[in-house]
Amino acid sequence: MGTTVPAATITLDTSKFCKPCIMLEFSSNIIGTLFQGTLNFQLYRTCNNQLPIPVGPQFYFSRPIPAFLADTFSFNICDCDLCPNECCTYSIVVTVGGSTPVIGNADIFAARLAAIIVDKPNHDDDCHPCSKRCCKDNRTILKCGTSGGVSITPGTLAGTATTISTLSLNTSCLCDPCVKLEFASTIAYSSPTTMDSTDVNIQVFKLCDNQLIPIPVGPQLVFSVPYTTVIVPPAAPGFSGTSTFSFFVCDCEICSHECCAYSVVATTATADASVTISNARLSAIAADNNCRCC
């Protein structure tokens with residue numbers, strides 16, 4: 001209890017903004033083996049050699065009984081209490097806590113921290129000199145993809161791959177583009193016993209211009225039906241439930257003037273329990289990667 005580990009960090013330079021306001025988003029894939037316990041996630045900020053200070057509240061991931069699991073855990077926090085011309089490092093620190101005894105193992109994979117920085121509205125007149133550093137605002141594109149899904153039954157073969165959401169993005173109007181891709185879905189699952197489980201691997205792929213083979217973007221994430229070998233009386237064997245599965249990845253390895261098709265592919269690893277992925281949707285925010293004119 002009380003053990004702390006860093007999960008993700010990001011360093012930001014706000015010197016090109018007059019009144020910076022930052023939205024920070026954290027995403028991770030938690031995989032547990034008969035895990036019981038609570039993990040506390042806290043965002044900290046360190047600016048100009050200051051001691052770390054907490055930003056926003058703590059967020060909790062908890063499992064009351066030992067279970068095998070694989071799921072995503074994400075949240076976002078806004079930080080508008082910044083001085084101009086600062087270089088700050090943000091970090092996510094995970095602490096083992098809670099009143100429930102910790103049993104088993106839990107690993108945090110694909111932990112990512114991303115940030116979107118903007119100037120606050122209603123700037124004062126004395127803010128004009130700041131805007132001279134860039135002769136035009138960074139351009140931004142928002143694109144939403146198609147909605148889809150897939151049903152996986154105990155008869156589904158391992159290795160079966162299904163595209164569950166796609167979007168096409170044209171970055172020709174951006175300079176040095178960087179894309180933040182966000183995926184969200186609803187997952188329903190059921191099984192007649194507590195021993196069954198289904199594992200699904202979810203991966204973003206990219207196909208640009210005249211490429212023939214899609215290339216992966218970001219890590220592969222895993223969803224597993226949270227099954228347990230422990231039956232707590234008077235609960236009967238079997239279970240069902242729903243959850244959300246969401247994450248984001250960043251793609252800054254794009255050539256200017258490219259048209260790219262992004263897709264999210266769900267690949268069945270094992271199939272004992274029934275799983276339905278619905279409302280699967282991929283969206284993208286593309287922006288100039290730095291404040292400069294083209």
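Predicted model: local features only at pLDDT ≥ 70, side-chain atom pairs only at ≥ 80, totals over all residues.
The link of Cys47 and Cys88 is right-handed, with 110° about the S-S bond, and both cysteines are buried.

Strand E2 (residues 20-47) also holds Cys21, which a disulfide joins to Cys80 at an S to S distance of 1.7 Å. Cys80 sits in the loop between strand E3 (53-79) and strand E4 (87-97), 59 residues from Cys21. Cys21 is buried at a relative accessible area of 15%, whereas Cys80 is partly exposed at 31%.

By the distance rule the model counts four disulfides, and one of them is formed by Cys208 and Cys260, with sulfur atoms 2.0 Å apart. The torsion about their S-S bond is about 105°, so this disulfide is right-handed. Cys208 belongs to strand E9 (residues 198-208) and Cys260 to strand E12 (residues 259-271), 52 residues apart, and both are buried.

Cys259, by contrast, is in no disulfide, and the nearest cysteine sulfur, that of Cys260, is 7.5 Å away. Cys259 is partly exposed, with 41% relative accessibility.

## A four-stranded open sheet

Four strands in the order E6-E13-E8-E11 make an open sheet with antiparallel pairing. Strands E6 (140-152) and E11 (239-251) stand at its edges with a single partner strand each, so one side of each has no neighbour in the sheet. From one strand to the next the twist averages 10°.

E6 pairs with strand E13 (residues 274-288) in the antiparallel sense over 10 bridges, and Cys144 stands opposite Ser283 in E13.

Methods
Residues numbered from 1 in each chain as written. Heavy atoms only, no water. Pairing = 2+ DSSP bridges. Helix = DSSP H or I, 4+ residues; strand = E, 2+ residues; numbered from the N terminus. Axes fitted to C-alpha atoms, helices over the stretch in contact; angles between N-to-C directions. Disulfide = S-S within 2.5 Å. Buried < 20%, exposed > 50% of the residue type's maximum accessible area, 1.4 Å probe, protein only.
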